[in-house]
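Visitor: I have a structure to look at and some questions about it. Could you take me through them one at a time?

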Amino acid sequence: MQKLEDYSKLLETVIKYNKHFAKHGVEAMAGYSYQYFVNEGDRTTATGFLSDEFKWYSLQAASSVTGVNTFKGTNTLISFYGRANYNYDDRFLVTGTLRRDGSSRFGSGNKWGMFPSGSVAWRLSREKFFDVKPISDLKLRVSYGVTGNQEIGNLASQQTLGATSAGYIVGGTRITTVLPQQYANPNLRWEQTAQFDAGIDFTLFDGRLRGVVDYYVKKTTDLLLRIPVPSPTAVSTQLANVGSVQNKGVEIELTGKVIDKTTFKWESNFNISFNKNKVLSLSNEQFSGNNIQLAPLQGTVSLGKFAQLILPGQPLGTFWGPRFTGISGGKETFAAGADTIIGCAQPKFIFGFGNTFKYKQWTLNFLFRGSVGNDVFNLTAANMSYLSNLPGKNVFKSAVSSGLGRDAGKTFSSRWIEDGSFVRLSNLTLSYDFNVKKTFISSVNVFLSGQNLLLFTKYSGLDPEVNAEVSRTGVAPLGIDYLGYPSARTFSAGFNMSF
Amino acid sequence: MNLKFKIMAAGLLVSSLLTSCTKLDEEKFGSLSPDNYYQNEQAALSSVVGVYQLLSYNVDIGDPWRMKEFSTDEFIVPGRASGGWYDQSNVDLTKHVENADNNTIARAWTQIFQEIGTANAVLESLQASPNKDKLKALIAETRALRAYGYFFAMDNWGNVPLVTVARIDPKDLPKTTSRADVYKFIETEMLAAVADLPSIKDVNRAAYYPRFTKESVYTALAYMYLNAQVYTGTAQWQKVVDNCNLVINTGAFSLTPKVIDNFTSTSQASSTEIISAFTKDPTQNAGNNQFILYTQNGLDQLKYNLPFGPANGYSTTQAALDKYENSDVRKSMIEYGPQFYLDGVTPLKYPNGTQLVLIPVQDIIAAQDNEGYKVLKYTPIGAKWSGFNADNDLILERYSNVLLMKAEAIFRQSGSTPEVVSLVNQVRTRSGASSLSSVTLQAIEDERAREFLWEGCRRTDQIRFGDYFTGTWAFKTTVSADFRKLYPIPNQQIKANPNLTQNPGY
């Protein structure tokens with residue numbers, strides 16, 4: 001029986017100021033908000049009921065109540081904020097925001113964070129001197145902003161002791177066990193992400209071709225990470241602001257009306273994103289890390305080792321292990337020397353390509369999606385490719401002819417890192433609109449649709465697009481395929497009617 | 001004017017809020033602070049028992065215990081043809097080819113050092129308590145618990161980081177301390193603890209069970225001195241005798257009529273032989289004993305009327321069985337050959353009608369259901385169950401060990417004296433084994449193997465007597481290099497703390 005209750009109190013006050021004169025427009029606001037969050041609940045395990053009539057409302061009828069667990073936690077979030085917009089003749093747009101946020105979750109001297117942001121846009125196409133025929137709209141944008149993250153648990157900065165679930169018997173009497181749960185970290189503070197963005201929006205040939213190009217640099221500092229506490233220790237991990245990560249990239253999106261006749265229309269959309277991810281540092285004033293191990297191996301492959309390493313200078317999702325060189329004498333052989341970088345789960349680029357065709361009342365649209373240059377660790381194959389599984393567990397057919405002996409241990413290596421690049425026909429829909437003019441119905445439409453119809457990839461597993469949550473932290477490491485279900489291929493048919 | 005007024009109003013509003021509504025203190029619900037919790041003995045004990053719980057892993061079914069058993073001639077866990085139990089880490093330990101990526105060793109390290117780290121934290125808080133003068137005995141108890149944890153670490157890995165603070169400065173990670181220095185630390189700590197701990201004679205035994213007494217520490221010291229030559233290069237036989245005598249001379253301990261009395265859940269608390277143990281009672285949500293689950297054949301569900309089918313994992317070898325005389329009652333704690341119900345005559349059968357006949361393990365990767373002999377010390381008879389958890393307490397030290405340690409230490413100094421023979425015979429005749437007229441070193445080693453089967457001493461004994469390296473058995477078919485006397489420091493730990501030095505040979 002479990003009962004969870006979440007509620008919050010919110011106080012928000014805002015003052016606004018608006019003024020328009022000539023071609024100038026000014027809007028300003030300032031506000032204060034106070035939020036108080038509470039979550040509490042209880043969990044009771046009871047077994048042995050004489051009748052099915054006894055349910056959560058009759059726990060007293062249970063013959064044994066084995067687990068009782070109750071909890072409560074609160075946190076407070078306070079913000080002061082101000083924003084000003086200035087608009088000159090729709091040519092210049094300037095926005096500035098300043099927030100000062102305070103969270104109860106951080107250490108005593110570090111509860112408040114200041115988060116400014118600002119943007120400038122210039123619609124070049126509205127200037128008198130700008131008279132370039134094919135360009136109907138052109139806008140240049142630059143923005144910079146800092147945001148904060150406080151999504152961590154409560155009491156994460158404090159030293160706490162707590163009752164563990166198991167007691168201990170001394171002299172026949174049960175004693176509740178109280179042990180350290182967490183060490184204090186008064187330095188715990190806001191994680192900050194600063195993002196710079198420069199972009200161009202344009203429309204060409206009277207709206208036939210529209211495009212958006214963006215360049216961004218995003219840097220997250222004071223990352224809130226759970227880091228291992230040096231052993232020996234009573235508590236194995238500690239939340240701390242450790243290190244920084246940078247993402248840099250270009251995003252391009254183009255939409256074109258290729259054919260635009262009354263009976264036949266073809267609209268095409270293409271987007272591509274290049275992103276470069278890099279861990280800049282893993283240290284702070286208390287912690288000098290040169291690596292963090294990620295993605296513990298599963299099943300019966302090299303248990304106790306980790307597939308990925310977070311390394312300064314390398315992207316997140318870097319695979320780290322021995323380099324496989326072949327099979328000889330019934331055993332796998334590996335390159336001499338220590339473990340090394342054997343792959344990366346980050347793609348070089350991802351893209352999408354969609355098309356819509358309209359002919360009279362028929363519409364056909366489809367969307368291809370793809371990813372290029374990302375590696376996937378096929379942990380499923382690693383578990384199924386050694387003969388020690390036999391006879392009680394399955395192996396792949398390839399294991400029998402691999403030349404590996406029966407007693408070859410399952411080993412994590414570059415042998416199981418594969419190119420996970422793919423192109424997928426993720427959606428195809430054909431629909432027909434009935435002519436319902438002059439009736440009380442506003443539209444009727446029948447459609448036939450398929451999801452995930454085609455997959456082009458060299459990846460040997462079922463689906464390269466899987467992230468198995470092997471780390472049990474709530475966030476799946478990138479590019480690990482372990483007993484995952486492939487994306488389902490679905491077909492649907494139906495009709496829509498609106499009045 | 002209008003604008004100015006608005007700005008002023010806003011300013012007033014903001015400043016009034018600044019003073020009243022900017023409180024961000026955290027509220028604690030059910031979390032205590034170590035700064036004010038340890039006011040009295042009861043509060044202190046609630047944390048000290050948590051350290052006992054963690055130390056108990058060294059004799060429980062988990063990795064710290066089985067890591068020490070896998071590499072010996074008395075323990076094997078084959079992969080089953082039906083699919084379960086295969087684990088390369090365990091096979092490597094069985095064959096003495098373990099490396100620094102071995103997961104069983106890595107998990108054992110984590111558990112053993114968690115106990116040490118927790119003892120450090122509790123100790124630091126107790127010593128910081130304003131009432132620490134009233135907590136002297138509990139502080140001593142925690143020091144002994146920590147030293148015991150270091151003993152297991154030193155026995156397994158030899159050279160380990162020696163840390164006595166609760167929180168390590170991450171910018172100053174500990175280096176490896178040599179085995180001899182860790183040994184010295186344990187000796188100093190144990191001797192300091194013994195001064196403030198109560199003797200078994202000073203406590204109400206039933207009410208105090210199973211906490212450490214002076215005699216628990218003397219026994220621990222005797223065991224460490226027994227292996228001093230291995231640990232430090234210098235034997236300490238006389239110190240073994242002295243510490244054993246400190247236990248014997250209390251007159252408080254004696255052998256129980258049967259060995260099994262120390263493992264039967266209904267008679268453990270009143271055993272005169274148990275010197276230290278760890279309580280387990282799943283029916284009160286206070287720990288559990290899963291030896292039956294991990295060990296017994298699935299058909300034993302019928303034999304012992306268990307509320308679950310055991311998993312048929314832990315097994316022992318022909319070599320272990322062959323050490324016993326037929327008259328030896330301890331042999332009956334091993335299940336081998338044709339199996340019967342508790343009446344001893346009704347055959348225990350599979351659903352297809354064939355009787356379960358236990359044979360030694362034939363295939364370490366794909367054993368059939370009937371392969372592997374079973375050891376039944378923590379007997380299900382009389383146990384209380386909660387699911388597959390039993391309430392048998394886990395044994396850390398028994399008086400029979402004190403007798404055999406003393407016998408060995410005297411033998412090592414003066415050979416087979418009448419006192420040595422008498423000590424060994426006390427242990428033998430209690431179980432119906434024949435009396436010996438003289439003993440040899442081999443006889444002492446074998447007696448220890450018989451008496452302490454699956455009690456976590458075999459690896460240490462085999463290393464001390466040397467057959468760990470020279471001997472071959474079951475699936476350990478070659479001699480082992482001397483460096484195998486230490487387990488490798490897990491790579492996982494070296495990666496987290498590059499100051500640690502790997503043991504030689506790995």
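Visitor: How many Å separate the centres of domain 1 of chain B and domain 2 of chain B?
Guide: This is a predicted model. In it, chain B is divided into domain 1, residues 39–197, and domain 2, residues 282–381. Taken over C-alpha atoms, the centres of domain 1 and domain 2 of chain B are separated by 30 Å.

Visitor: How many residues does the contact take from domain 2 of chain B?
Guide: Domain 1 of chain B gives 16 residues to the contact. By class, that side of domain 1 of chain B has nine nonpolar, four polar and three charged residues. From domain 2 of chain B, the contact takes 22 residues.

Visitor: Are H3(B) and H6(B) roughly parallel or antiparallel to each other?
Guide: Helix H3 of chain B covers residues 41–55, and helix H6 of chain B covers residues 103–128. Their axes come within 9 Å and cross at roughly 165 degrees. Angles over 145 degrees count as roughly antiparallel. Therefore H3(B) and H6(B) are roughly antiparallel.

Visitor: Which class has eight residues in the contact of H3(B) with H6(B)?
Guide: H3(B) brings residues including Val48(B), Val51(B) and Leu54(B), which meet residues of H6(B), among them Ala119(B), Val122(B) and Leu126(B). By class, the contact of H3(B) with H6(B) has four polar residues, one charged residue, and eight that are nonpolar.

Visitor: Is the crossing of H10(B) and H12(B) left-handed or right-handed?
Guide: The axes of helix H10 (residues 214–226) and helix H12 (residues 237–248) of chain B come within 8 Å and cross at roughly 160 degrees. H10(B) and H12(B) are therefore roughly antiparallel to each other. Their crossing is left-handed.

Visitor: How many nonpolar residues are in the contact of H10(B) with H12(B)?
Guide: On H10(B), the contact is made by residues including Tyr218(B), Leu221(B) and Tyr225(B); on H12(B), by residues including Val240(B), Cys244(B) and Leu246(B). In the contact of H10(B) with H12(B), two residues are polar, two are charged, and the nonpolar ones number nine.

Visitor: Which helix supplies the largest share of the side of chain B that touches chain A?
Guide: The contact takes 68 residues from chain B and 64 residues from chain A. Several helices of chain B each supply at least two residues of that side, among them H1 (2–20), H5 (88–94) and H21 (491–496). The side of chain B that touches chain A has 31 nonpolar, 24 polar and 13 charged residues. Its largest share, eight residues, comes from H6(B).

Visitor: How far apart do the C-alpha centres of domain 1 and domain 2 of chain A lie?
Guide: Chain A is divided into domain 1 (1–86), domain 2 (90–96 + 105–271) and domain 3 (291–499). Six residues of domain 1 of chain A are in contact with five residues of domain 2 of chain A. On the domain 1 side, these divide into two nonpolar, four polar and no charged residues. The C-alpha centres of domain 1 and domain 2 of chain A lie apart by 23 Å.

Visitor: Which strand has the lowest mean pLDDT among the elements of chain A?
Guide: The mean pLDDT of chain A is 89, and 98% of its residues reach 70 or more. Among the elements of chain A, strand S8 (residues 168–170) has the highest mean pLDDT, 96. Where pLDDT is low, the predicted coordinates should not be read in detail. The lowest mean, 78, belongs to strand S17 (residues 292–296) of chain A.

Technical notes
Residues numbered from 1 in each chain as written. Chains lettered and ligands numbered in written order. Predicted model: local features only at pLDDT ≥ 70, side-chain atom pairs only at ≥ 80, totals over all residues. Axes fitted to C-alpha atoms, helices over the stretch in contact; angles between N-to-C directions. Helix = DSSP H or I, 4+ residues; strand = E, 2+ residues; numbered from the N terminus. Parallel < 35°, antiparallel > 145°, perpendicular 65-115°, else oblique. Left-handed = near helix turned anticlockwise from the far one by under 90°. Contact = placed C-beta atoms within 7 Å. Nonpolar A, V, L, I, M, F, W, Y, C, P; charged D, E, K, R; others polar. Domains from an automatic or database assignment. pLDDT = per-residue confidence, 0-100.
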